[in-house]
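Have a look at the model first.

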Amino acid sequence: MNITKNLLFTTLIALGTLTMYSCKTKKLVAKPAPAPVEKPKPPVEEKKPAPEPEPEKPEPIEKPNFNLDNIQFEFNSFVLKTSSFPILDKAVMEMKKSPDTKFVLNGYSSAEGTPEHNMSLSIDRANAVKSYFVNAGLKSENFTIVGHGDKDPISANTTEEGRILNRRTEIKVQK
């Protein structure tokens, strides 16, 4: 009985192996590799010459406007009036358009006080404007300071309104 079991068992294993092997072979035969399909080539288009690009127009460079108002100061002081800040800000914008332009800052005073005091005050006023410009990012070497004291008034020193106008610093382009 042992021999029959062994023989039967061996036969089953052999049949199972053949069946499995034959199934794999059938699967390979059942699915052949697809034939390569050649894709149609697109029609050849004639190359058209590219249109010439329009020459780039440089952006118009806005020329700086150095026609600025005078900068005003408080009485007997080189403290800037708050009304002068918009003028100074505009001056900074214009000066940044031409960073290599040199300027002369002419300081003036009204006729009150001694000539020595007025000269010192006019120089301090011009330096106050220069400090404002340098703090705004402009080069210090682009500015020359000139004090005039009470010389060259733009209005009469006989009235308070005239004296207020004479307490000023003028910005001029250096020639």
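Of the residues that line the largest cavity, five are nonpolar, three are polar and one is charged. Bear in mind that this is a predicted model. The lining is made up of M95, S98, P99, T101, F103, L138, K139, N142 and F143. As for size, the volume comes to about 30 Å³, and a search of the whole structure turns up one cavity of 30 Å³ or more.

Let's pick N142 out of that lining. Where does N142 sit? You'll find N142 in the loop between α3 and β3. Is N142 buried or exposed? With a relative accessible area of 6%, N142 falls under the 20% cut-off, so N142 counts as buried. Leaving aside residues up to four places away in sequence, N142 touches P99, D100, T101, K102 and F103.

Now for the sheet. The four strands form an open sheet in the order β1-β4-β2-β3, and the pairing is mixed. β1 and β3 are the edge strands, each pairing on one side only. β3 runs parallel to β2, and five bridges join the two. Within that pairing, G107 has G147 in β3 as its bridge partner.

Here are the residue ranges to keep handy:

| Element | Residues |
|---|---|
| α3 | 115–135 |
| β1 | 71–72 |
| β2 | 103–107 |
| β3 | 143–147 |
| β4 | 168–173 |

Finally, back to the helix: α3 lies across β1, β2, β3 and β4, and runs at about 160° to β3.

How values were computed
Residues are numbered from 1 along each chain as its sequence is written. This is a predicted model: local features need pLDDT of at least 70, side-chain atom pairs count only at pLDDT 80 or more; totals for chains, interfaces and linings use all residues. Side-chain values use heavy atoms; hydrogens and water are left out. Buried means under 20% relative accessible area, exposed over 50%, partly exposed in between (1.4 Å probe, protein chains only). Contact means heavy atoms within 4.5 Å. Two strands pair if DSSP finds at least two bridges between them. Axes are lines fitted to C-alpha atoms, for helices over the stretch in contact, and angles run from 0 to 180 degrees between N-to-C directions. On a 1 Å grid over the protein atoms alone, a cavity is a set of points where a 1.4 Å probe fits but cannot get out, and a pocket is an open set with protein on both sides within 12 Å along at least five of seven lines; lining residues have an atom within 4 Å of a point. Grid points are joined across faces, edges and corners, and a volume is the space filled by probe spheres set on the points. Ala, Val, Leu, Ile, Met, Phe, Trp, Tyr, Cys and Pro count as nonpolar, Asp, Glu, Lys and Arg as charged, and the others, Gly among them, as polar.
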